[in-house]
Amino acid sequence: MKDWNKRTAAVHGGTRRSQYAEVSEAIFLTQGFVYDSAEQAEARFIQSGDDEFIYARYGNPTVRMFEERIAALEGAEDAFATASGMAAVSGALTAMLKAGDHVVSSRALFGSCLYVLDEVLTRFGVEVSFVDGTDLDQWRAAIRPDTRAVFFESMANPTLEIIDIAAVSGLAHAVGALVLVDNVFATPVFSDAIAQGADVVIYSATKHIDGQGRALGGVILGTREFIRGTVEPYMKHTGGAMSPFTAWVMLKGLETLSLRVNAQADSALDMALAVQDHPALARAIYPGLPTHPQHALCQRQTGKGGTVLSLDLRGGQAAAFAFLNALRIAKISNNLGDAKSIVTHPATTTHQRLSEEHRQRLGITPGLVRFSVGIEDSSDLIADVTRALDIAAGV
Ligand SMILES: *Cc1c(COP(=O)(O)O)cnc(C)c1O
């Protein structure tokens with residue numbers, strides 16, 4: 001299993017078959033497990049074996065299959081599945097930090113990640129310094145001998161800046177800090193984050209891993225010691241576990257993940273190339289475009305440019321709204337990584353909570369639109385987007 005390539009691991013990794021030898025993974029929709037004797041129950045609470053479960057908040061066979069499959073795909077020793085991406089982000093951080101600890105984080109974060117770092121951790125006495133994640137000098141200046149962790153989104157939502165995992169990890173490891181990477185936009189298919197230096201990799205499985213808009217989920221990946229020694233005790237007692245049904249949805253999502261995200265990334269590049277010079281646009285932001293300021297880093301770090309592009313319309317919010325409203329294929333919603341193309345106006349939705357000044361600092365302009373490219377035919381998508389841009393140009 002160890003020498004399997006990603007596409008093989010994503011189909012077969014972690015499979016556990018019951019006595020019926022079913023082909024498709026079974027859903028063990030059970031909260032608990034029956035013991036043969038009181039002695040067996042006692043023994044299992046002291047130390048449960050690999051195929052022994054106690055309670056679904058602690059673990060479940062279907063959930064364990066998902067954890068083992070995604071760990072194999074990511075090249076991580078172990079994984080803990082969570083009820084949502086935010087349960088994974090908040091769980092990984094809270095499990096390892098205590099009052100007085102220092103964390104350095106990139107400023108360009110998904111709104112809920114920003115809330116956890118800026119408003120929750122600080123309430124419990126954790127000091128958090130924010131930096132421009134693309135500026136290594138700022139990381140260098142902010143990381144101190146007492147820094148316990150660094151946190152960043154490897155591809156920032158929605159401005160698509162790329163953070164250099166290897167370089168930031170080098171700075172963090174020099175002081176013994178752990179590197180936690182929210183890797184949603186890179187997906188486990190394009191990620192090589194652990195080999196590049198990340199200690200902990202976090203996904204919202206809600207996005208590409210399900211990829212069909214059905215279920216919320218998340219996962220924390222890392223060393224066996226970190227996952228079972230630090231994360232599991234915290235998560236199992238605080239209740240952020242993934243449900244068995246969700247784990248089954250995510251397991252089946254992993255099987256097709258590579259096919260979907262490769263097709264999505266290829267279409268995203270086609271679309272970026274087709275629309276980059278459209279007169280309605282001030283900028284087409286896509287890390288796979290040679291004009292992206294971090295194109296070379298993106299190629300080195302993830303290969304392809306991901307499944308999302310951001311379009312900055314010259315006509316501001318009015319043009320952005322006209323564009324959204326004119327689209328016939330892409331749906332206005334706030335998920336991403338879905339089989340369906342989805343378009344979002346961050347300034348008025350996902351990043352509405354931020355102050356105008358903060359949005360400006362992150363480059364979330366009134367004209368910025370985030371376009372998550374689905375698996376539809378790319379020529380249909382490009383025709384739809386071009387037609388909507390033509391309409392937006394007249395606003
Ligand atoms: C969506 C998202 C999350 C949160 O995931 P949920 O499953 O919605 O809780 C965290 N980080 C990033 C970068 C995301 O895009």
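**Notes on the ligand site and a few residues around the fold**

1. Let's start with the ligand. It is surrounded by 15 residues, and the closest are Gly 85, Asp 182, Ser 204, Thr 206 and Lys 207; a residue counts as near if one of its heavy atoms lies within 4 Å of the molecule. Keep in mind that this is a predicted model, in which local features need pLDDT of at least 70 and side-chain atom pairs count only at pLDDT 80 or more, while totals for chains, interfaces and linings use all residues. Numbering runs from 1 along each chain as its sequence is written, and side-chain values use heavy atoms, with hydrogens and water left out.

2. From the side chains, an N or O atom of Ser 204 is 2.7 Å from a ligand oxygen, and one of Thr 206 is 2.6 Å from a ligand oxygen. The protein buries 92% of the 390 Å² that the ligand exposes when taken alone (Shrake-Rupley accessible areas with a 1.4 Å probe; for residues, only the protein chains shown count as cover). A polar contact here is a pair of N or O atoms within 3.5 Å; within protein, one must be able to donate a hydrogen and the other to accept it, and residues adjacent in sequence count only if both atoms are side-chain atoms.

3. Sorted by class, the shell around the ligand comes to six nonpolar, six polar and three charged residues. Ala, Val, Leu, Ile, Met, Phe, Trp, Tyr, Cys and Pro count as nonpolar, Asp, Glu, Lys and Arg as charged, and the others, Gly among them, as polar.

4. Lys 207 counts as buried because its relative accessibility is 13%, buried being under 20%, exposed over 50%, and partly exposed in between (1.4 Å probe, protein chains only). Beyond neighbours within four places in sequence, Lys 207 is in contact (heavy atoms within 4.5 Å) with Val 184, Asn 335, Leu 336 and Gly 337.

5. Now for Ser 341: buried or exposed? Ser 341 is buried, at a relative accessible area of 0%. You'll find Ser 341 in the loop between strand S10 (331-332) and strand S11 (342-344). A polar atom of its side chain lies 2.8 Å from the backbone nitrogen of Gly 374. The C-alpha atoms of Ser 341 and Gly 374 are 4.1 Å apart, although 33 residues separate the two along the chain.

6. Two histidines to look at. His 173, in helix H7 (residues 165-174), is partly exposed at 37% relative accessible area, and its side chain reaches the backbone oxygen of Gly 197 at 3.5 Å. His 295, in helix H12 (residues 295-301), is buried at 15%; leaving aside neighbours within four places in sequence, His 295 is in contact with Pro 287, Gly 288, Leu 289 and Pro 290.

Technical notes
Helix = DSSP H or I, 4+ residues; strand = E, 2+ residues; numbered from the N terminus.
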